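Visitor: I am new to this structure. Please show me how to read its features.

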Amino acid sequence: MPKRILIAGGGYVGLYTALQLQKNMQPGEVEVTVVNPENFMVYRPLLPEVASGTLEPRHAVVPLRAVLRKSQFVSGTLTGLDVERRVATVQPPAGPTREFEYDELVLGLGATSKLLPIPGLVDHGIGFNSLAEAAYLRDHVLGQLELAHATNDPELRRCALTFVFVGGGYTGVEAIAELQDMAVDVLEGYPGLDPAEMRWILIEAMDRILGTVSGDLAELATTELTARGIDIRTGTLLESAENGRLQLSDGTKLTTDTLVWVAGTRPQSILGELGLPVDERGRVVVDDTLRVNGHANIWSAGDCAAVPDLVKGGTCPPSAQYAVRQARQLGDNLLRTVRGQAVKSFRYRSRGEFVTLGKNKAVAEVLGCKINGSLAWTLRRAYYATQIPMLNRTVRVLGDWLIGMPFGHDVVDFGSREEPRGAFRRAAGKR
C-alpha cells in the first residue's frame with residue numbers, strides 16, 4: 001500500500017519537495033498530492049522584473065500540473081487539520097470542503113504581507129507579494145506618467161509623479177529600482193515630462209537598506225540608487241496615509257497616488273489555528289530535519305517555518321535560495337521515513353546574494369567576491385534560468401530573455417485589465 005504524502009502549498013517548498021519525490025520515488029511507493037489555490041508557482045525574486053516589464057509574467061511562473069506529472073494536483077486552500085485522524089480539510093474554489101487523509105503532511109504555505117495599523121494604509125497602499133500586484137504596478141506607473149503628461153494642474157502632476165515605497169529589504173529595493181529604471185527609460189516618449197519631476201522615495205525603519213546582506217553589498221546598492229536620484233530615507237517610519245497624504249516620522253508630508261508596502265512578510269494566519277507549535281513570529285517550529293516539533297509525520301520549511309540554521313546559528317533566512325534546498329532535503333527525508341531509514345539534518349551555507357537594480361544593472365556577492373553592473377545582472381539571470389523545471393520551458397524562457405536584452409522597455413499600459421468588462425458595459429450604455 002503506497003504511503004500518502006499531502007503537500008499543502010505550491011510555492012518553493014511545495015514544488016521542489018514534490019519534484020524531489022518524483023525524481024527518487026519507486027513505482028507504487030508513495031502517492032503525492034499537492035494542494036494550492038493557484039495552479040502555478042511564482043518565482044517571487046523575479047517579480048520586480050515583471051513589474052518593470054523586462055520579464056513577461058509567464059517567465060516568473062511554473063505551471064504545477066505540467067511539472068508534477070507523477071503527482072495529483074488539487075486547487076484549494078488548507079482550512080483545518082485533525083492530527084489524530086491524520087486528515088486535512090481543504091476548501092476548493094467553489095463548493096463544499098474536502099477532506100484528505102495522509103500518512104505524511106508537508107506545510108509549505110509561504111508568507112503574506114505584514115501590515116501595521118497605520119491609518120489609511122489598507123485603503124491607499126498595495127503590496128508586492130504576488131504576480132497580480134507586480135503586473136498592476138507596472139500598469140499603474142505607466143498610467144501615472146500618462147496622467148502627468150495630460151494634465152496642466154501642477155499639484156495633480158506632482159502627485160502622479162511621486163512614488164513611495166515603504167520597506168528597504170530585498171523586495172523594496174529591487175521593486176523601486178526596477179520601476180524607476182523603467183520610468184526613466186520610457187520618459188522620452190512623454191515630451192514635456194522632465195526626469196527631475198519624478199520623486200522616487202524609499203522609506204526604511206532601520207539604519208540601512210538591505211539589512212540581511214553584507215554591509216558592503218548594501219553600500220554598493222545605496223550608491224547606485226542615490227546616484228539615480230532615488231531618495232532613501234533610513235531610520236524613518238510611515239505614520240499615516242489617510243486620503244493619500246503621507247506623514248513620515250521625519251516630519252515630511254507627501255501627496256501621492258503610489259504607495260507600495262514592502263515592509264516585511266508574515267506566515268499565513270491559518271498556521272496558528274492548526275494546533276501546531278509556532279514561534280513568536282507565527283512560524284511553525286521544526287527541528288533540523290524539518291519535522292514539526294512533537295509531530296513525527298508533519299513537516300514544514302520555507303517562509304512559514306522556523307528552520308534552525310546549523311551553519312550560522314539562529315533560524316534560516318526566508319529566501320528562495322534556502323527554501324529550495326530545504327525542500328529538496330525534505331523530499332529526501334520523506335522517502336527515508338517511508339523506507340524506514342534515518343533522516344538527515346538540513347545544513348546549508350549561502351553561495352552568494354544578488355540584488356537587481358534595473359535592466360542590465362545589479363549588485364552581487366558570489367563566493368565572497370563583490371560584483372556590480374551588467375555582469376552581476378547576467379549572473380543573476382543565469383542562476384534563475386538553472387532553477388526552472390522542464391528543459392523545454394528553460395529553453396523558451398532563455399530565448400525570450402536573449403531576444404529582449406538589446407531593447408528598451410515597453411510603454412503599453414494594460415490598465416484596462418483591471419476592468420475587463422468595461423468596454424462591454426459601455427457598449428450597452430452602462431457605466
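Guide: Start with contact, which means heavy atoms within 4.5 Å. Keep in mind that this model is predicted.

Visitor: Which residues does Ala327 touch, not counting residues up to four places away in sequence?

Guide: Ala327 touches Tyr12, Val13, Tyr16 and Thr17. Ala327 itself sits in helix α9, residues 320-338.

Visitor: Is Ala327 buried or exposed?

Guide: Buried means under 20% relative accessible area. Ala327 has 0% relative accessibility, so Ala327 counts as buried.

Visitor: How do I read two packed helices?

Guide: Two numbers describe such a pair: the angle between the axes and the distance between them. Take helix α1, residues 12-24, and α9. Their axes come within 8 Å and cross at roughly 40 degrees. That angle makes α1 oblique to α9. The crossing is right-handed.

Visitor: Which residues make the contact between α1 and α9?

Guide: From α1 come Tyr12, Val13, Tyr16, Thr17, Gln20, Leu21 and Asn24. From α9, the list includes Ala320, Ala323, Val324, Ala327 and Arg328. Leu330, Gly331, Asp332, Leu334 and Leu335 of α9 also take part.

Visitor: How many residues of each class are in the contact of α1 with α9?

Guide: There are 11 nonpolar, four polar and two charged residues.

Visitor: What angle and what distance describe the packing of helix α5 and helix α7?

Guide: Helix α5 covers residues 131-150, and helix α7 covers residues 170-186. They pack at about 40 degrees, with axes 11 Å apart. α5 and α7 are therefore oblique to each other. α5 passes α7 in a right-handed crossing. On the α5 side are Leu137, Arg138, Val141, Leu142 and Leu145. They meet Leu179, Met182, Ala183 and Val186 in α7. By class, this contact has eight nonpolar residues, no polar ones and one charged.

Visitor: Now the nonpolar core. Which residues touch the most other members of the largest one?

Guide: A nonpolar core joins buried nonpolar residues through side-chain atoms within 4.5 Å. The largest here has 112 residues. Leu107, Phe128, Leu145, Phe165 and Trp200 touch the most other members. Leu145 is also on the α5 side of the contact with α7. A second, separate core has 13 residues, among them Val164, Leu238, Leu254 and Leu259.

Visitor: What is Leu107 in contact with, leaving aside neighbours within four places in sequence?

Guide: Its contacts include Ala8, Leu78, Leu271, Leu274 and Leu276. Ile298, Trp299, Ser300, Ala301 and Cys304 are also in contact with Leu107.

Visitor: Where should I look for backbone angles?

Guide: Look at two loops. Asn243 has a positive phi of about 60 degrees, although it is not a glycine. Asn243 lies in the loop between β15 (238-240) and β16 (245-248). Leu290 is not a glycine either, and has a positive phi of about 80 degrees. Leu290 is in the loop between β20 (284-285) and β21 (298-300).

Visitor: Are Asn243 and Leu290 buried or exposed?

Guide: Asn243 counts as exposed, at 61% relative accessibility. Leu290 is buried, with a relative accessible area of 0%.

Visitor: And where does Leu375 lie?

Guide: Leu375 lies in helix α10, residues 374-386. At 49% relative accessibility, Leu375 counts as partly exposed. The C-alpha atoms of Leu375 and Asn360 are separated by 8.0 Å, and the two are 15 residues apart along the chain.

How values were computed:
Residues are numbered from 1 along each chain as its sequence is written. This is a predicted model: local features need pLDDT of at least 70, side-chain atom pairs count only at pLDDT 80 or more; totals for chains, interfaces and linings use all residues. Side-chain values use heavy atoms; hydrogens and water are left out. Helices (H or I, at least four residues) and strands (E, at least two) are DSSP runs, numbered from the N terminus. Buried means under 20% relative accessible area, exposed over 50%, partly exposed in between (1.4 Å probe, protein chains only). Axes are lines fitted to C-alpha atoms, for helices over the stretch in contact, and angles run from 0 to 180 degrees between N-to-C directions. Angles under 35 degrees count as roughly parallel, over 145 as roughly antiparallel, 65 to 115 as roughly perpendicular and the rest as oblique. A crossing is left-handed if the near helix is turned anticlockwise from the far one by less than a right angle, and right-handed if clockwise. Ala, Val, Leu, Ile, Met, Phe, Trp, Tyr, Cys and Pro count as nonpolar, Asp, Glu, Lys and Arg as charged, and the others, Gly among them, as polar.
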